[in-house]
Amino acid sequence: MKRCINLKIAWMLAFILAFAAMQLLAQDTTGTIQGSVTDSSGAAIPDAMVKATNTATGISQSAVSDAQGRYRVAQLAIGPYDIQAEKMGFKTTLRKGVEI
C-alpha cells in the first residue's frame, strides 16, 4: 500500500516538472512528457509502460522506462492527456487531465 502511495507521489512530481518544462516551450505546437518511475523506497522501476492518450483525439503514444526508471514521450500534440503507467507487480497509476 505504501509503495502505491509513494509511486503516485513520484508520478505527481514528474508531471509537475514536465509541465514546468513545457511552459518554457510555449511557442511549440507539441510537447513532451518525461519523468521517472520509482517505488516507495525511491528505487527505479525499469520497463514500466507509460502511455499518454490525447482525450480529444483518442491517439496514444507510449514509452518504456529505462534501467534508471526514466521515460520520455515526445512530440505530443497540444491538448488534454490521460497518462497511465503500469508494470506487473505494481498497481497501475492513471493521471487524468494533464494539459500539454
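Glutamine 75 is exposed, at a relative accessible area of 57%; here exposed means over 50%, buried means under 20%, and partly exposed is whatever lies in between (1.4 Å probe, protein chains only). This glutamine sits in strand β4, residues 70–77, and its phi is positive, near 55 degrees, even though the residue is not a glycine. In general, most residues other than glycine have a negative phi. Strands here are DSSP runs of E with at least two residues, helices are runs of H or I with at least four, and both are numbered from the N terminus.

Before going on, a word on where this comes from: it's a predicted model, so local features need pLDDT of at least 70 and side-chain atom pairs count only at pLDDT 80 or more, while totals for chains, interfaces and linings use all residues. Numbering starts from 1 along each chain as its sequence is written, and side-chain values use heavy atoms, with hydrogens and water left out.

Aspartate 47 is another non-glycine residue with a positive phi, about 65 degrees. You'll find aspartate 47 in the loop between β1 (30–36) and β2, and it is exposed at 55% relative accessible area.

Now zoom out a bit. Four of the strands make an open sheet, ordered β3-β2-β5-β6, with antiparallel pairing. At the edges are β3 and β6 (93–99), each of which pairs on one side only. From one strand to the next, the twist averages 20 degrees, with axes taken as lines fitted to C-alpha atoms (for helices, over the stretch in contact) and angles running from 0 to 180 degrees between N-to-C directions.

Let's walk through the pairings of β2, where two strands count as paired if DSSP finds at least two bridges between them. On one side, β2 (residues 49–54) runs antiparallel to β3 (residues 60–64), joined by five bridges. Alanine 52 faces glutamine 61 of β3 across that pairing. The two strands form a hairpin with five residues between them, and glycine 58 in the turn has a positive phi of about 80 degrees. β2 also pairs with β5 (residues 80–86), again in the antiparallel sense, over six bridges. There, methionine 49 has glutamate 86 in β5 as its bridge partner.

Follow the chain out of β5 and you reach phenylalanine 90, in the loop between β5 and β6. Phenylalanine 90 is partly exposed, with 24% relative accessible area.

What about charges? The count is one salt bridge, the rule being a side-chain nitrogen of Lys or Arg within 4 Å of a carboxyl oxygen of Asp or Glu. The pair is arginine 70 and aspartate 66, at 3.1 Å from N to O. Arginine 70 is partly exposed at 46% relative accessibility, and aspartate 66 is partly exposed too, at 28%.

Finally, some whole-chain numbers. Of its 100 residues, 34% count as buried. Take contacts (heavy atoms within 4.5 Å) between residues at least 6 apart in sequence: 54% of them join residues at least 24 apart. The accessible surface comes to about 6,000 Å², with 58% of it belonging to carbon and sulfur atoms; those areas come from the Shrake-Rupley method with a 1.4 Å probe, and for residues only the protein chains shown count as cover.
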